[in-house]
Amino acid sequence: MELQARLNEIFCEVFDDDDINIAPEMTANDVDGWDSLSHVNLIVAIESKFNIRFNQKELLTFKNVGDLLNCIASKI
Amino acid sequence: MKKLLCKLLIFAIIVFVLDRGISALLQRGLDRYYGLDKQASVLCIGHSHTMLGIDGTRLEQGLGVPVAKYAVNGANTIDRLAMIRHYLGSRPGAVKLVIYDVDDHTFTSSGLSSNSYRLFFPYLDNPDIARFLKESAGSWDELLSRRIVTLLRYNSVTLNLALRGTLRRYDNFKTGQVDIPALQNEIKANQRPPITIDQKMIDSFRETVSFVRENNGQLVLLYIPTVDLVNNVDKVRHEQVMDIFKNYAAQDKGITVLDYNPSFSHRYELFSDPIHLNRNGQHAVTDKALIDLKKILLTEKSERCKVKGK
Amino acid sequence: MAFNSLTYFLFLPLIWIVYQWAPDRLRWLLLLAASLGFYAMLKAPYLLVVLCLAAGVTFTVGLRLGSCSDETGRKRLLWVGVGANLLVLVSLKYLPALFFSFNPSLFIFNGFANFSPITFHALITIGISYYVFQAISYLADIYLEIIEPEPHFGHLFLSLAFFPKLLQGPIERSGDLLPQLKKPYVFDYDMARSGMLLFAWGLFKKVVVADRLALFVNTVYGDVHAYTGLPLILATYFYALQIYFDFSGYTDMALGSARLFNINLTRNFNAPYLATSVADFWRRWHISFSRWILDYIFKPLQMSWRGWGLAGTAVALLVTFLVSGIWHGASWGFVVWGGLHGIYLASSVYYKSWQKKIHKVLGIEKTRLLKVWQTILTFNLVSFAWIFFRANSLADALYVVRHLVEGIGRVRAMLFAHGTTELIVALLMLAVPLLVKTLAVTSKRLDMPFCLPIPLRWAVYCLLVISLSLFSVDSGRAFLYFQF
């Protein structure tokens with residue numbers, strides 16, 4: 001749960017919206033303003049906050065927030 | 001699936017009926033425009049120069065005999081042979097006089113009119129035209145598709161003419177005048193199409209002359225005027241082409257050359273563009289033609305009477 | 001064979017009829033044979049060899065990739081497969097151009113006048129760009145573990161060679177197409193009916209609207225130095241419309257043909273000229289292609305360069321669209337066209353946030369006025385780029401750009417070059433798809449025209465067929481996007 005909360009914080013920061021409440025099934029379509037530009041910003045923010053690095057393959061196969069969470073969990 | 005096939009069949013039948021029906025209406029209009037709906041004694045053959053330069057109705061009124069104006073945009077010498085065969089072939093003995101418009105480019109096979117055969121698709125059912133189209137057509141399916149779907153035979157040009165024929169609007173609508181300064185610039189920049197003499201065209205023309213004469217028709221080679229500036233671009237070739245026509249006339253009493261350039265080519269107010277007459281020009285040229293043609297017809301009549309009298 | 005030829009009008013129903021009565025397990029074979037026969041009609045036997053090679057390599061590499069678990073091994077296999085496909089594409093499309101000292105007029109038809117490439121003695125490369133890209137996406141998707149490799153060679157081969165999409169796309173994703181090819185076929189009345197109508201409508205857009213606009217465009221672009229000012233502007237706008245109707249017409253014919261076999265191919269267009277930004281335009285134009293370059297070129301590049309912030313994204317966009325330009329052909333005109341779009345998109349990366357702030361301050365955010373303005377602006381930006389796409393050479397394109405704003409010029413000569421009737425018919429026929437689209441949007445019904453009462457519906461069908469017969473332009477048969 002703590003991981004999801006931390007990730008939620010990052011989302012709120014990147015999208016400048018304190019009302020975001022992420023759930024594992026959410027996709028880019030569910031968050032207002034989540035496009036290719038903000039996606040990169042999101043990834044960069046996650047990598048720096050958690051001090052991890054995603055590889056090319058992982059980045060191209062994230063389908064929803066759940067995938068993101070699992071991937072982060074496997075790296076920390 | 002049976003439902004679909006049945007519906008397709010019914011649809012095909014409806015389309016077939018509509019296709020043939022509309023085609024028939026268009027054909028009637030086109031026939032009327034070209035004078036193919038009457039037994040003309042005088043047949044004007046040519047391209048846009050004739051279309052815009054001669055008033056067929058006026059000619060008919062003045063000469064007192066049925067006149068047909070079978071002129072198609074861009075029709076070159078080869079096209080016209082097919083047209084003459086078409087007209088004379090479908091009503092043997094009717095035509096007494098053929099007025100064939102000539103100009104500097106009569107023997108030039110130009111690129112623009114190389115697709116002019118397409119304008120004859122509406123007459124695909126006529127054997128003379130069909131033969132001509134088979135020789136000119138690009139691919140096997142071009143003719144086949146037009147035999148199946150008759151509306152494919154029409155394009156914007158023939159559609160326009162068919163509508164005009166239906167509405168009996170044969171007049172020359174152009175009232176503007178040629179832009180002389182622009183023409184002078186064009187000539188300076190060498191942008192006028194060159195005159196060439198191509199053997200294919202020479203042969204075609206010869207065949208045309210023989211065919212008309214064989215069918216006991218008089219032939220008038222009428223040079224519908226073009227702006228003198230254009231005529232003077234290549235005087236050498238111009239004379240060469242005129243000599244060819246004069247030779248024909250010299251060797252056969254039944255052939256006359258009428259060159260209207262001396263009378264009109266300097267009168268710029270009669271032209272809508274460098275090579276086409278406007279409404280006033282058509283009027284003027286037709287009036288002069290009436291006078292000349294009456295003389296020719298009278299001479300021909302008296303010759304025949306002489307022969308009969310013998 | 002082109003979709004708008006008598007041969008295809010005989011070929012398609014014939015194949016369809018045989019398909020109905022063929023045993024289900026052999027249906028894929030029938031379609032494959034038909035597709036290969038279709039490709040063979042281009043009378044360039046090396047094309048079939050290339051297709052078989054690409055399919056063979058892709059199939060083998062795909063299987064190996066699926067069974068390999070070692071990451072480096074997988075990466076290597078992927079690059080072998082992608083490399084082989086690219087080698088085929090490059091050597092056939094670009095080396096000849098380089099060999100003949102980059103003289104594009106010899107091999108790649110920049111002019112897109114309506115002439116049949118078959119009569120030209122150049123190297124024909126129709127279709128290769130499309131199925132090579134599809135093959136690459138197949139391998140990449142296996143690598144990313146989005147799909148499993150296809151064990152049946154025939155099915156994979158068919159997914160690449162399927163004749164409705166073989167010559168000009170859409171570029172399908174194997175994940176979408178393969179399952180459909182494997183489904184047992186049951187005659188579907190609605191699919192068949194809508195397929196036929198879609199085909200007829202596409203044909204109308206191509207031979208009545210696009211080809212007619214081409215007459216005016218070719219008059220100007222075929223001899224640019226004879227024109228200045230307004231004719232150049234009009235010809236460019238006409239070209240923007242021409243290429244849309246030509247390509248979307250082809251796509252409709254492809255989708256319609258495929259529907260007869262119960263296959264749904266991807267939509268390629270979504271009212272592209274209603275886009276409110278160039279980015280939006282690329283979400284609506286040649287959708288299968290732009291999704292491809294987005295997923296397989298842009299996204300990986302953008303991610304690799306994420307350390308560079310906005311610059312990373314901007315450069316990624318520039319590179320992606322330069323590649324897009326080159327994909328269309330080996331000539332400077334295409335490269336400039338691609339580069340222009342790259343610049344449009346890259347610069348928007350920087351000014352987008354400022355733009356949003358300004359709109360907020362002015363209070364025009366989300367207003368109709370703004371939307372209309374953005375649509376008009378986008379259309380003009382895109383049309384400007386089309387100049388480089390259409391012009392016969394880079395020199396011609398630069399001439400057009402320099403002389404765009406120079407008064408009225410010989411606009412009458414241009415408009416009436418083919419006679420008054422042609423102009424009137426052109427404007428009327430152009431109005432038809434606009435009218436149809438408006439009706440479709442305002443009626444809010446998705447099943448138009450099938451929801452109309454039968455007499456009205458059949459009147460529409462008759463009108464369509466009669467218009468096709470009476471108003472089709474007869475000037476060669478090639479589609480524009482054939483050249484890629």
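This is a predicted model: local features need pLDDT of at least 70, side-chain atom pairs count only at pLDDT 80 or more; totals for chains, interfaces and linings use all residues.
Residues are numbered from 1 along each chain as its sequence is written, while chains are lettered from A and ligands numbered from 1 in the order in which they are written.

On the chain C side, 18 residues are in contact with 22 residues of chain B. Helices (H or I, at least four residues) and strands (E, at least two) are DSSP runs, numbered from the N terminus.

H21(C) gives the most, with six residues. By class, the side of chain C that touches chain B has 10 nonpolar, five polar and three charged residues. Ala, Val, Leu, Ile, Met, Phe, Trp, Tyr, Cys and Pro count as nonpolar, Asp, Glu, Lys and Arg as charged, and the others, Gly among them, as polar. No contact joins chain A and chain B, and their closest C-alpha atoms lie 41 Å apart.

Chain C itself has 21 helices and zero strands. Its radius of gyration, 23 Å, is close to the 23 Å that the globule rule gives for 484 residues, so chain C is as compact as a globular protein of that length. The radius is taken over C-alpha atoms, and the rule is 2.2 Å times the number of residues to the power 0.38. The C-alpha trace of chain C spans about 65 × 65 × 50 Å along its principal axes.

Of the 484 residues of chain C, 42% count as buried (20 or more other C-beta atoms within 10 Å of the residue's own, with C-beta atoms placed from the backbone). In helix H8 (residues 153-161) of chain C, the buried residues include C:Leu156, C:Phe157 and C:Leu158. Among the elements that cover the buried residues of H8(C) are H2 (27-40) and H3 (45-67) of chain C.

The axes of H12 (residues 230-259) and H17 (residues 368-390) of chain C come within 9 Å and cross at roughly 85°. Axes are lines fitted to C-alpha atoms, for helices over the stretch in contact, and angles run from 0 to 180 degrees between N-to-C directions. H12(C) and H17(C) are therefore roughly perpendicular to each other (65 to 115 degrees).

Methods
Two residues are in contact if their C-beta atoms, placed from the backbone, lie within 7 Å. A residue is buried if 20 or more other C-beta atoms lie within 10 Å of its own, exposed if 12 or fewer, and partly exposed in between; C-beta atoms are placed from the backbone. Angles under 35 degrees count as roughly parallel, over 145 as roughly antiparallel, 65 to 115 as roughly perpendicular and the rest as oblique.
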